[in-house]
Amino acid sequence: MKFARPAALLALCTSLHAAPKWIEAESFSNPGGWVLDTQFIDVMGSPYLMAHGMGKVVKDAETELEVPAGEYTLWARTKNWVGPWDAPGAPGRFQIAVNGETLKHEFGATGKDWQWESGGTVKIGQGMVKLTLKDLTGFDGRVDAIVLSDDASFTPDISMRKKMLGLPEKAPETSEYDLVVVGGGYSGMGAAVSGARQGLKVAFIQNRPVLGGNGSSEIQVWAMGGTRRGLYPHLGEIIEEMADRASNSPAADPAEYNDKLKEDVVKAEKFLDLFLNTHVYGVEMGKDGKNIRSVTGLDTKSGKETRFVGKYFVDCTGHGSVGALAGAEFMMEEKGRMGMSNMWVMQNLKKPVTWPATPWALPLKLEDFPEPRPLAPVGKKNAANQAGYDLGYTPVPNPEDYVHGEWFWESGFDKHPINDLELIRDHNFRAVYGAVSALKTLKAEQYAQHDLTWLAYIGGPRESRRIVGDMVLNGDDMVKGIIHPDGCVPTTWDQDLHYPKEEYMKNFPDNPFISRAQFGKHTDRKNGYPVPYRCFYSKDIGNLFMAGRTISVERAALGSTRVMRTCGMMGEVVGKAAWICLRHHTTPRGVYEQYLDILKDLMNQPGAMRRDSLEGALYLPANAKKLPDTSLSSDSIDPKKLDGIVIDDKEAELNGKWAHGEGLKPYVGEYYSYGSDKNASARFAFSVKETGKYEVRIYFQPHENRAKTAPVTVLSSEGEKVVTVDQTKPAKGKQGAESLGVFTFTAGEEAAVIFRTAGAGGNVHLDAVQVLPAK
């Protein structure tokens, strides 16, 4: 690790020569087009700069420093990132210039792991020295640190870092915080804001320059999960103040994920201190060995370290890092985990676009991956999370000019979710670059004018360590609806786990890069299943809470609880529970054992409620943000309130395999049904009281995987008539009603509307049939 004590070799060298000069690449005053990568500090020991130009050489990074005049050997710590696969070529090559003179050595061209490479000797005169990183390829060259030494026999080592930078052996510490929240995704945002509104002094620590985690502009995963429902319908109100309203995942413009809104909401809290670009890598335990005293954070730009002292801590890291460092028991599958995604976007620039050769990328053919899909216009997708809200962005004018690689560009299923994280990301890079090369060469007639305009260099992981709490929630409890006394956060997502998609792993069986979602058993999507509070604190560490993917659930339950809006509500609960701990001098466990009623009362309060001190009363500020009414009544249509005869899919005679759903809204009744099982059918039978002409309507909501040619048969006094319906397009009537026409029915005789899957060309959507007297 980068944080180890310096070797004795350094002391010997410095006694005979001037002390070597250590320059962290991430501290360059002008990074140019190089990006800061912090996601592998726990693997290779440091943040680093990376030339992520997606095939276009990035602007130089520059910095100045002062060193004595003399002759120096220049060293750089770098990596040939395709070396682990013995791939031909070296895409990550770069050079270094000193005072405008470029060294001949090309860094990042050899080896298989991080290593120190010598660039040769340079003569430096009096005055300031200018160092320049010069990218050669645009394909993710990377540099961690540069060392200048006037001792020709000296070789740098990562263990020398702290001494060379003049950092103290023991990092300085902050004053004591009431609550220290580590991890700036949705769970961390919920915990930090919730705690601050309870009057707690909060330190909020995030190792990236933006908040949102997987739901930030850097990764662009939609924040899913139903909020403001179930036992405590005010849960989710804090999260909805700062959640994204993006049109696509990923979107044409990453700004749709509205990082600024998240940061503005957080910074508006007067009791909250936000520490961006700070990576927590260490934990100091208290004297009893059972409670955390502080966590140590590394400033990912300056290299300085700080110990954040706190009374209570929340692990929102997604990897259970704080819990693991503290010695908490955790769960983690050896193999067969969900992987990490790096999504991407291409744009049609309406002119020929060249693309460089990528012999080091995966050698893909068109049949090795799914063709990227066109972006949808605003409102077609994610509509439920957009309704009534200010989107916070201006949509791109021509979404049809973009295609994107979505969540299923995912790998690392059998790789270690922490130790192999950089390899997983780089494998995803090789897959995406290989796909672009295939599209540009093997389907040039369609993609000659397309360019790769965005590729996430920060990966979106799904599964890692889960810290064991006083309760480990299993998936069966969700399905059976077993409600525990401390049930609180509503989880509405189905038990959704990811596995390699067999269709695309034939040529890459060792490390597939395309996934499929396997939906297991359903939860209550409308009201949500209340996840117990006992899943939100460690059974081993007395002052450690968890929120997000790190909570105490078995794997099937994780498939439901892992989505971001749900994780954010966990944070809201933890922030409230932390106030109880402080106010009543108890522990997270003590909240459950002695003060559960107080927690329930707090969860029943509006999210905007706050107090001005630990002992102060809760009140609703006059300027509290008002959220649009998105009550559950807008999700579904009460069939009793529709005119005429209404037959819900719950009452239909179903043959074959049909699934139930609640994601496409609004729907009639409790749910809708859908299916594509061969020769499946659904019969909606009815009879009229008076002979005459009646209009027949069906209800459905469109989706791209729905039937393009759904055959719907109407049995009337006139005989049988088949009407073909395109369910990929919105129904022509209000609330999803589509008229099949006017038919004659005879009083007392059974009539029916029959849906069939044969020849439908997709999933047939069943919701309700409505029969009205013709006007």
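**Aromatic rings and their partners**

Tyrosine 537 has 1% relative accessibility and therefore counts as buried, where buried means under 20% relative accessible area, exposed over 50% and partly exposed in between, with a 1.4 Å probe and protein chains only. Tyrosine 533, at 0%, is buried too.

Some ground rules. This is a predicted model, in which local features need pLDDT of at least 70 and side-chain atom pairs count only at pLDDT 80 or more, while totals for chains, interfaces and linings use all residues. Residues are numbered from 1 along each chain as its sequence is written, and side-chain values use heavy atoms, with hydrogens and water left out.

Rings of Phe, Tyr and Trp (its six-membered ring) pair if their centres lie within 6.5 Å; planes under 30 degrees apart are stacked, over 60 edge-to-face, and the rest tilted. That rule gives 28 aromatic pairs. In one of them, the ring centres of tyrosine 533 and tyrosine 537 are 5.3 Å apart with planes at 50°, so this pair is tilted.

Phenylalanine 686 and phenylalanine 745 have ring centres 5.3 Å apart and planes at 70°, so they are edge-to-face. Phenylalanine 686 is in strand E37 (residues 681-686) and phenylalanine 745 in strand E41 (residues 737-745), so the pair ties together parts 59 residues apart in sequence. Strands here are DSSP runs of at least two residues (E), numbered from the N terminus.

Note on methods. Helices (H or I, at least four residues) and strands (E, at least two) are DSSP runs, numbered from the N terminus.
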